[in-house]
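The points below may be read beside the sequence and the 3D view.

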Amino acid sequence: MSGRDIDAGDAPPVPLVEVPPSRLARWRDSDLLANFLRSKTAVAALIATVLMVGLAFASPWIAPQNPYDPAQLDLINSNLPPIWQADGQAPYYLGTDDQGRDVLSAVLYGLRLSLIVGVLGVVTSGILGIALGLIAGYAGGAVDTLIMRVADVQLTFPAILIALVVDGVAKASFGSALDVGPLIGLIVVSIGLSFWVQYARTVRSSVMVEKGKDYVQAARLIGLSPPVIMVRHVLPNVTGPVFVIATINLALAIITEATLSFLGTGLPETMPSLGTLIRTGNRFLFSGEWWIVAFPGLALAGLVIAINLLGDWLRDALNPKLQ
Amino acid sequence: MLAFLLRRVIQAAAVLAVVGLIAFAMFRFAGDPVNQIVGPDTTVAERAQIRTDLGLDDPVLVQFVRYAGNVVRGRFGISYQFRQPVSQLLAERMPATLELAFCATVFALVVGILMGVYCALFRDSWLAGLFQAVSLIGISLPTFLIGILLIYLFSVTLGWLPSYGRGDTVRLGWWTTGFLTASGLKALILPSVTLGLFQMTLIMRLVRAEMLEVLRTDYIRFARARGLTTRAVHLRHALKNTLVPVITIAGLQLGSVIAFSIITETVFQWPGMGLLFVQAVQNVDIPIMSAYLLLVALIFVTINLVVDILYTVVDPRLRLPAGRTA
């Protein structure tokens, strides 16, 4: 609100052409920001998300141990409970696992890995879905039918099944002993191929509306090529819903990676994501070392719930029907 | 009506054909089938002989037709891990998965409808708030985490329920059932809740939203004006009209329940088709993977088709020829 007062006070005397407000001023003035600040859940979810992302990416500097470095693991320190229990030892605040790996460090590094894979997966599925949706909506005809039929067929299967099949086939083709780098790429591609349909459908329907508008006709008249019209002119006008899908899909992508790792087809135990840590910790549930599985599980649950709450808020805030 | 049905059947067949093509491509091109059969000391000549015997030198189209013919007769090839026919393995595992999916769906329907009705009728009570919070968690949390949590609570801490396996089963012909023994029934509880929780939250939210909508309509007000009891208005008039979309969703979700049982079966070491599939992915056992994919596709397509047909039976408006719809 203060932004508006300053603008009014500094307004130049009778401008000939009205000067559009700067991007920052428009953002400060927008309903979106006011709506956000009014929603306690959204603010809390954003703070939690930023906190977890910050901790995850600061992990090389703040984690007591590098869990990927076997030389730092000491079997003498194995299966220590968290610090507030009788046998707990600093600096292992959340205890250690059977290899003497610090659970706090493993969770921080695993959080980072889960976030990276999740974001890359969302970006991959987004690029694939937006491209196919743009082409289907803009070209129409047989191309449209083909792309949307493939989407229909894929939509009848749950994403996790498709990710598992892509993963299995790729391993059969390349051999199962992949390096960590290609393995992450493979999981990202599996996630990308599982989630593109929703983007494609949304973008396609928006493009079909935009296609008939005057500015597209004008762009066509001045002789721009279809790819330029699609990317430079149509795409910026259909991005709103795409952001909502991306936020909600980020939670889904993180869950998918965690599930793949939990099922033993994701990241290996030498470079664990949260899903791998839960898979490992699950083995110690009955012998009483609950902390090995509890803290990765809590981190995963917190991350996913925070992102979901943000996505829910964004969906409602950008939905004109609810205002 | 007939044209509509025919079109749906043709579409369903097309989907199955596409999935069949993918399954065949996996079966044939992902990894070399010969390498999976021979040992390290098989000579090149013997390998070539096996290759010819398997028909791998024939044109791809001929191979696809042969594969499709085998699949239609229920021959999915031999599993690389178990050296047994895949159809036999799947048939052994199918009862476990179907019983689990059935229990999960019943749980989701019963609990979901009850909670949904309660949330709609007593919107502002603290219990309704609690149900809403539980449903948010049910939608957000990954299935395997919920399963582990339940195991920790009810198996490790309280020791009430088993954490893995089916318990004692009874053989009825080729079907094995856990419904007839106490340990079998106890073993079903945790996996069914884990598998059904997502569907339950979905149904709860749906029933709540539909009930709130229906309770605002004129015929409910009229029923109240006629002096009917609250119970009759809520259950006979309101709930009945919310159930059509609920049944549809539950029917359509049955396919996802079977597919999602992959995760639940892994958590609980439940000896069903999903666990078989996960082991196949881990060990790159392509024949099982392609057979499972085909089977799930068949189940999905059949359910969608049945739901479509039921719709035309239930809703007479769909039976009118196009153009005459109001």
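In what order do the elements of chain A run from the N terminus on?

1. Chain A in outline. The model under discussion is a predicted one. From the N terminus on, the elements of chain A run α-α-α-α-α-α-α-α-α-α-α-α-α-α. Of its 323 residues, 40% count as buried. Among the contacts in chain A with a separation of 6 or more, 69% are accounted for by residues 24 or more positions apart.

2. Chain B in outline. The secondary structure of chain B comes to 12 helices and 2 strands, and its elements follow the order α-α-α-α-α-α-α-β-β-α-α-α-α-α from the N terminus on. Buried residues make up 36% of the 326 residues in chain B. The C-alpha trace of chain B spans about 90 × 65 × 35 Å along its principal axes. Of the contacts in chain B between residues at least 6 apart in sequence, 70% join residues at least 24 apart.

3. Record annotations. For chain A, an unreviewed UniProt entry places the feature "transmembrane region" at residues 42–63, 115–143, 155–174, 180–197, 241–263 and 284–310. Two of these spans may be examined in the model. Residues 42–63 of chain A are 91% helix and 0% strand, with end C-alpha atoms 28 Å apart. Residues 241–263 of chain A are 96% helix and 0% strand, and their end C-alpha atoms lie 32 Å apart. For chain B, the UniProt annotation "domain: ABC transmembrane type-1", also from an unreviewed entry, covers residues 94–311. Over that range chain B is 80% helix and 3% strand, and the end C-alpha atoms are 28 Å apart.

4. An open helix in chain A. Helix α10 of chain A comprises residues 214–221. None of its 8 residues is buried, so α10(A) lies largely in the open. This helix is followed by G223(A), whose phi is positive, near 90°.

5. Helix α7 against helix α8 in chain B. Two packed helices are described by the angle between their axes and the distance between the axes. The axes of α7(B), residues 143–157, and α8(B), residues 182–215, come within 9 Å and cross at roughly 145°. The crossing of α7(B) past α8(B) is right-handed. On α7(B), the contact is made by T143(B), I146(B), G147(B), L150(B), I151(B) and F154(B), and on α8(B) by L190(B), V193(B), T194(B), L197(B) and F198(B). These contact residues divide into 8 nonpolar, 3 polar and no charged.

6. Helix α5 against helix α10 in chain B. The axes of α5(B), residues 86–121, and α10(B) come within 9 Å and cross at roughly 145°. The crossing of α5(B) past α10(B) is right-handed. Contact residues of α5(B) include L100(B), A104(B), L109(B) and V117(B), and those of α10(B) include H234(B), V246(B), L254(B) and S261(B). The contact divides into 13 nonpolar, 4 polar and no charged residues.

7. Where the chains meet. Which elements of chain B give two or more residues to the side that touches chain A? The contact takes 29 residues from chain B and 32 residues from chain A. On the side of chain B, the elements giving two or more residues are α1 (2–29), α7, α10 (230–267), α11 (273–282) and α12 (286–314). The residues on this side divide into 23 nonpolar, 6 polar and no charged.

8. The largest nonpolar core. This core has 151 residues, and those with the most contacts inside it are V107(A), A200(A), F277(B), I288(B) and M289(B). Its largest share, 17 residues, comes from helix α6 of chain A, residues 103–139. Residues up to four places away in sequence aside, I288(B) touches S79(B), V86(B), L89(B), L276(B), F277(B) and A280(B).

9. Is A297(B) buried or exposed? A297(B) is found in helix α12 of chain B. With 23 other C-beta atoms within 10 Å, A297(B) is buried, the cut-off being 20 or more. Not counting residues up to four places away in sequence, A297(B) touches V15(B), L16(B) and V19(B). A297(B) and G20(B) are 277 residues apart in sequence, yet 9.0 Å apart in space, C-alpha to C-alpha.

Key:
Residues numbered from 1 in each chain as written. Chains lettered and ligands numbered in written order. Predicted model: local features only at pLDDT ≥ 70, side-chain atom pairs only at ≥ 80, totals over all residues. Axes fitted to C-alpha atoms, helices over the stretch in contact; angles between N-to-C directions. Helix = DSSP H or I, 4+ residues; strand = E, 2+ residues; numbered from the N terminus. Left-handed = near helix turned anticlockwise from the far one by under 90°. Contact = placed C-beta atoms within 7 Å. Nonpolar A, V, L, I, M, F, W, Y, C, P; charged D, E, K, R; others polar. UniProt positions renumbered as here; feature names shortened; annotations may be inferred. Buried ≥ 20, exposed ≤ 12 C-beta atoms within 10 Å, placed from the backbone. Core = buried A, V, L, I, M, F, W, Y, C linked by C-beta atoms within 7 Å.
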